[in-house]
Amino acid sequence: MSEQRTDCRSGGGNAGAVNRIPAQYWNLGAELLPGARGRGIGTRAHRLFVDYLFAHSPVMRLEAETESSNRAEQRVLEKVGFTREGVQRAQTFRDGEWRDVVLYSLLRTDPRPAL
């Protein structure tokens with residue numbers, strides 16, 4: 001299995017990128033450029049990813065991870081229906097320090113809020 005990277009565009013400009021690692025489940029991640037943040041693009045993108053993956057693949061589970069300090073991403077995941085499963089302590093090393101990561105999941109059978 002290989003990682004795939006896709007650039008995302010919004011209004012003619014690049015809004016960010018998505019990394020997809022296919023497996024028995026999907027782990028979603030999105031990174032928005034600063035100018036694309038705070039406009040609902042991330043929420044809409046996550047919802048579209050979720051809808052597409054459940055419609056076009058047999059997976060039961062989707063996962064997403066974010067650093068514990070990234071409150072905006074946590075709000076997005078919860079808006080889309082993901083459940084916070086727990087914290088993975090010192091899971092990633094960035095900018096000279098170990099950081100905790102929050103794990104979220106969404107099952108095919110979970111209710112999803114209307115956006």
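Contact here means heavy atoms within 4.5 Å, and buried means under 20% relative accessible area, with exposed over 50% and partly exposed in between (1.4 Å probe, protein chains only). With that in hand, look at helix α2: its buried residues pack against α1, β4, β5 (83-94) and β6. This is a predicted model, where local features need pLDDT of at least 70, side-chain atom pairs count only at pLDDT 80 or more, and totals for chains, interfaces and linings use all residues. Residues are numbered from 1 along each chain as its sequence is written, and side-chain values use heavy atoms, leaving out hydrogens and water.

**Confidence**
- The protein chain has a mean pLDDT (the predictor's confidence in each residue, from 0 to 100) of 86, and 80% of its residues reach 70 or more.
- Strand β1 (residues 4-10) has the lowest confidence, with a mean of 56, while strand β6 (residues 97-107) has the highest, at 98.

**Helix α2**
- Helices (H or I, at least four residues) and strands (E, at least two) are DSSP runs, numbered from the N terminus.
- Glu73, Gln74, Val76, Leu77 and Val80 are the buried ones in α2.
- Down the α2 axis, these buried residues fall within an arc of 160 degrees (using directions from the helix axis to the C-beta atoms), so they line one face of the helix.

**Around Phe54**
- Leaving aside residues up to four places away in sequence, Phe54 touches Val59, Met60, Leu62, Leu106, Leu107, Arg108 and Arg112.
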